Amino acid sequence: SSGINAEYGGVGDQVLNNSPGDGERKGGLDQALVRCNPVLEAFGNAKTLKNDNSSRFGKFIRIHFGGTGKIHSADIERYLLEKARVTFQNPDERSFHIFYQMLKGMTNEELSDCLLTNSPNNYALLSNGDVIVDSLADPDLFQETKQCMGVLNFSKEMQRKISQLTV
């Protein structure tokens, strides 16, 4: 149920309980909750026939307030993740944004670390449909995703491991 806790084992505890870690987070839990959306969109949204940034999952954020009225903790639940999109896209659609963001937004060193090139056309699982979406600036969105991971208290090493696991 607690999506961040389940998905990121321990990192979610730091984010949701507002405890320190070795990431770059600036601000409180309220800032972390606002900033988690670009990360969720990168990993859960894709281009469909009707929408360039269509959510392929559902999410429910439950916010718990303390006695002073400030955010105390939160749970994020996700459901109905469209897993088939990873292996096949219809014409005029594409897979989840994170793949294209990584290929277009990573430095040469980061690409090499993940054994990647910067062209989605080199990967059969990414090139069934559209690889470029004019309304999305993949390199900029990747930088925003990385920045948000820092706000969420993901260390640089954790971000590197997430990139490696994503590919």
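## Basis

The model is predicted: local features need pLDDT of at least 70, side-chain atom pairs count only at pLDDT 80 or more, and totals for chains, interfaces and linings use all residues. Residues are numbered from 1 along each chain as its sequence is written, and side-chain values use heavy atoms, without hydrogens and water.

## Packing of H3 and H6

Helix H3 (residues 29–44) and helix H6 (residues 138–151) have axes that come within 8 Å and cross at roughly 140°. Helices are DSSP runs of H or I of at least four residues, strands runs of E of at least two; axes are lines fitted to C-alpha atoms, with angles from 0 to 180 degrees between N-to-C directions.

Contact (heavy atoms within 4.5 Å) involves, among others, Arg35 and Phe43 of H3 and Glu144 and Met149 of H6. The contact residues comprise eight nonpolar, three polar and two charged; Ala, Val, Leu, Ile, Met, Phe, Trp, Tyr, Cys and Pro count as nonpolar, Asp, Glu, Lys and Arg as charged, the others as polar.

## Cysteines

The structure holds zero disulfides (cysteine sulfur pairs within 2.5 Å). For Cys36, the nearest cysteine sulfur, that of Cys148, is 8.6 Å away. Cys36 is buried at 3% relative accessibility (buried is under 20%, exposed over 50%, partly exposed in between, with a 1.4 Å probe and protein chains only).

## Positive phi

Asp92, in the loop between strand S4 (71–79) and helix H4 (97–105), has phi near 70° and is partly exposed at 44%. Leu115, in the loop between helix H5 (108–113) and H6, has phi near 60° and is exposed at 75%.
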